[in-house]
Amino acid sequence: MPNRTEVSVDVTLEPSDFYSPLHRTWRNLIHFVLVLCSALLWRETWRDWSWPYSAINIGSMALLVMSFAYPWMRVRHRFRKFSAMGKSRRFTFDAEGLHIQSENASGDYRWSTVARVVETPRLFIFKFAQTNRGGRTIPKRCFKHLDDIPRLRQLLRENFNGNLRLRAD
């Protein structure tokens with residue numbers, strides 16, 4: 001029987017944990033509206049297709065296509081370049097801090113080394129004080145039990161003294 005004061009989760013990251021054009025986010029909604037406006041503008045200028053404007057139209061359509069494709073291609077590239085991103089690791093949270101165990105390494109981080117914890121609708125993000133870049137991402141889909149997420153929130157509220165932004169649900 002696992003200790004009820006600790007929460008463990010086995011994480012295997014996927015590209016869709018970081019970006020998907022189909023996720024309902026403000027960023028994707030704004031992007032979709034901008035693309036729609038650009039497409040309508042492009043359609044209007046298409047009627048007056050003449051040589052001086054054709055390069056602008058072709059360039060704007062290329063930018064439109066790339067604006068959809070680039071974020072997804074960037075995430076996929078990182079997963080291919082850094083194979084460790086897709087490997088499984090185990091995160092254990094307790095009163096002392098965060099413990100990470102993977103195939104190649106392990107680490108124990110006291111709560112004082114964590115600068116910020118942010119919870120989004122799909123993820124928990126742990127930012128460390130030593131670096132401004134990166135952090136640890138834990139998708140909520142990886143939690144095995146429904147009560148693990150509220151237990152982790154409670155554990156963070158009781159033990160973490162840094163910048164904490166959790167959801168109410």
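The model is a predicted one. Arg-27 counts as exposed because its relative accessibility is 55%, and the cut-off for exposed is over 50%. I then checked its surroundings: Arg-27 forms a positive surface patch with Arg-74, Arg-78 and Lys-81. Helix 2 (residues 51–81) gives the largest share of that patch, three residues.

Next I went through the salt bridges, and the count is seven. One of them joins the side chains of Arg-90 and Asp-10, at 2.6 Å from N to O. Arg-90 is in strand 2 and Asp-10 in strand 1, so this pair ties together parts 80 residues apart in sequence. I noted Arg-90 as partly exposed at 36% relative accessibility, and Asp-10 as partly exposed at 29%. Both belong to a salt-bridge network that also includes Lys-144.

I also looked at Arg-141, whose side chain meets that of Asp-17 in a salt bridge of 2.7 Å, N to O. Arg-141 sits in the loop between strand 7 (136–139) and helix 3, and Asp-17 in the loop between strand 1 and helix 1, 124 residues apart. Asp-17 is buried at 5% relative accessibility, whereas Arg-141 is partly exposed at 43%.

For Lys-140 I found a salt bridge to Glu-119, 2.7 Å from N to O. I recorded Lys-140 and Glu-119 as buried.

Last, I checked the largest nonpolar core, which has 25 residues; Val-9, Phe-91, Phe-93, Phe-126, Ile-138 and Phe-143 touch the most other members. Elements giving two or more residues to this core include strand 1 (7–11), strand 2 (89–93) and strand 6 (123–128). Helix 3 supplies the largest share, four residues.

How values were computed: Residues are numbered from 1 along each chain as its sequence is written. This is a predicted model: local features need pLDDT of at least 70, side-chain atom pairs count only at pLDDT 80 or more; totals for chains, interfaces and linings use all residues. Side-chain values use heavy atoms; hydrogens and water are left out. Patches are made of residues with over 30% relative accessible area and no salt bridge: like charges are joined within 9 Å, nonpolar side chains (Val, Leu, Ile, Met, Phe, Trp, Tyr) within 5 Å. Accessible areas come from the Shrake-Rupley method with a 1.4 Å probe; for residues, only the protein chains shown count as cover. A salt bridge is a side-chain nitrogen of Lys or Arg within 4 Å of a carboxyl oxygen of Asp or Glu. Lys and Arg count as positive and Asp and Glu as negative; His and the chain ends are not counted. The place of a charge is taken as NZ of Lys, CZ of Arg, CG of Asp or CD of Glu. Buried means under 20% relative accessible area, exposed over 50%, partly exposed in between (1.4 Å probe, protein chains only). A nonpolar core is a set of buried Ala, Val, Leu, Ile, Met, Phe, Trp, Tyr and Cys residues joined through side-chain atoms within 4.5 Å.
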